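Colleague: I would like to go through this one term by term. Please show it first.

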Amino acid sequence: MDNKRRKFLKMAGATVLAGISAPALVKLSSTSAVASGEGGHEAPAASPGNAGGHGEEQPSGVRLGMVIDMRNFYQDQGLLDKAIAACVKAHNVPQIPDPKSEIKWIWKTGFGNLFPEHSQKLRSEKIKNSQFPALCNHCDNPSCVKACPTKATFVVEKNGIVAMDFHRCIGCRFCMAACPYGARSFNWQDPRPFIKEYNADFPTRMRGVVEKCNFCGERLALGLEPACVEACKGTGAIVFGDLNDSHSEIRKVLDQEFTIQRKPSAGTMPSVFYIV
Amino acid sequence: MIEKTLKGKPAYWIWLAILGSLIAIGWACYFRQYAYGLGLTGMSRDVSWGLYISQFTFLVGVAAGGLMLVLPYYIHNYKVFGRITILGEFLAIAALVMCLMFIMADLGQPLRGLNVLFFPTPHSMLFWDMCVLWGYLLLNLLCGWVILTAERKQVPPPKWIYFFVYLSLPFAVSIHTVTAMLYCGLPGRHFWLSAIIAPRFLASAFAAGPSLILIACAVMKKFANFDVGEEAVKKLTTIIMYAVIINTFFFLLEFFVGYYSEVPGHMHALEYLFFGLEHHGEVYNNLVPFMWTATLFNFAGLGILAYMKISKMFDFRLVTVAAVLIFLALWADKGLGFVFAGFVPNPLEEVTEYVPTLNELGITIGVWATGFFLLTLLYKIALGVEHEVEE
């Protein structure tokens, strides 16, 4: 009798334990499946023609991207300043003088810095003396999203934007080490005193979190263009649109022009293209 | 058993008082950092990890190094290590506590630390690192305590504990492997993107951990009437020598790959570490003196140990000197150079150098002092039990 009871209790205990842990297991395995899906590993094999530097295409859904036509910026370097100023204003980006603590969403840099994997030998004066815009590439296979231990940075499934949840970020800075483009900035101190012109439509950040370009997700939701795109309106310097829509303007530009991406060897499949 | 920590000679209390004041300084510095933000450190947009993460990385190795005492005793039934196995387990506990404190010191939003548990993310190596670090800490607490209690009662340890002892062996390897994977899985960081990082971490860990135990044994011999025995020391020096040689070999392979292939990305960090990196007419060479000192110490320590083996002489003081040299060399290699050089140059091929601030050093020393405080208490308990059994 006693033996039976003992056996029953053992069985009951084991069942309860299994019941408790099963959802956790399911949760763990399902998140990993979603994660690898957004990482692009699950994408069906690309047709041979598509396997080039521009990366594989997702079969469905929107993937927002950008073409930066440097020919417009060579002529008018002030245009880049306008685009940067628009971004700073739209996102309350603090202007911190110390380069060590700088917060940068879109910024100016040289060709050699932007494309270190390209040869820098015997470049034309035009390229050597011009400033290029650098920003988050909103990669199809973002290494920052892979690295983040809290999913505070993630791919927005409906448009492919690599977004940030400033309230979930623990400030471990793993994403900064993981990003091959140096697109991420950390708030080493309270950024609010360094905001020159406060915009009430976008949240300011607190110290201790990472931030970066968000492709103006908040403006897109209102039917507006990204701030930098709007600042260059009429010039065609920055073309923004859906890379998965073969009839979009950006795809027409990509069909006609020779474009390059930053560090294709990193395998992150950037969504920002440059016409140099 | 905790009562053993409450009785000691004046030297014991003076030592604890010194550590206690360093801990107090550490906390004062931490409150400053907590109030202002990580801007009080020398870290920057380009070098986004500094001393905290580098010390964390090194100390994970020290914790894993305890394996070199536990494994011979439990797997190969090497009885000579019977008296010091517990030292390896307790060292792992102290080292892991330091690791976790360094992680907390490094977080921009420490109060959100539990988000790692609330939103478990298996594709992040940091998630797995948390799992194995906590797992190894709990395993060592359990095994150390149960086995020491059994020793005190002079009965054999309960059979079930061996399951956890054997489980702790792969865990020791996993903590340093996963810590290496934090680095070696990142695209665009050439210095870290190398498959030899994990084996190299393990090799240097298996030298650093036992070296620290030898140093502790020397201190305890002088102050606590604890003699570990010549045979155990000799065996430990053999283990340390092999581990140092393998680590050096792995490091030289990195040099070969970089300088023979002449792929710039593979050379930059090594150049920065050992010769200074020239960039736009300026030479960046902060770490060069540290790395060459480490190289010297590495070979000097190895030389002393080798000389003693060849000439068949034994001098515990000389062994201690070698252990100190090797420990410092490995600290400079992994606790400074490895992490800092990974950020040079940055992804846009600009160079920013990292110099820790005084406040940051205060916190770092405070954490180390906390670890040594804990280690002292744990070793005091272990020795107290041994002395009690002997009486």
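Modeller: Start at B:Gly276, which follows H10(B) and has a positive phi, near 90°. This is a predicted model; local features need pLDDT of at least 70, side-chain atom pairs count only at pLDDT 80 or more, and totals for chains, interfaces and linings use all residues. Residues are numbered from 1 along each chain as its sequence is written, with chains lettered from A and ligands numbered from 1 in the order in which they are written.

Colleague: What makes residues 264-274 of chain B a helix?

Modeller: Helices are DSSP runs of H or I with at least four residues, strands are runs of E with at least two, and both are numbered from the N terminus. Residues 264-274 of chain B are helix H10.

Colleague: Which residues of H10(B) are called buried?

Modeller: Among them are B:His266, B:Leu270 and B:Tyr272. Buried means 20 or more other C-beta atoms within 10 Å of the residue's own; exposed means 12 or fewer, partly exposed in between, with C-beta atoms placed from the backbone.

Colleague: What do the buried residues of H10(B) pack against?

Modeller: Helices H9, H11 and H12 and strands E1 and E2 of chain B.

Colleague: How many residues does each chain give to the contact?

Modeller: Chain A gives 44 and chain B gives 33. Two residues are in contact if their C-beta atoms, placed from the backbone, lie within 7 Å.

Colleague: Which element of chain A has the lowest mean pLDDT?

Modeller: H1(A), at 53; strand E9 of chain A has the highest, 97. pLDDT is the predictor's confidence in each residue, from 0 to 100. Chain A averages 85.
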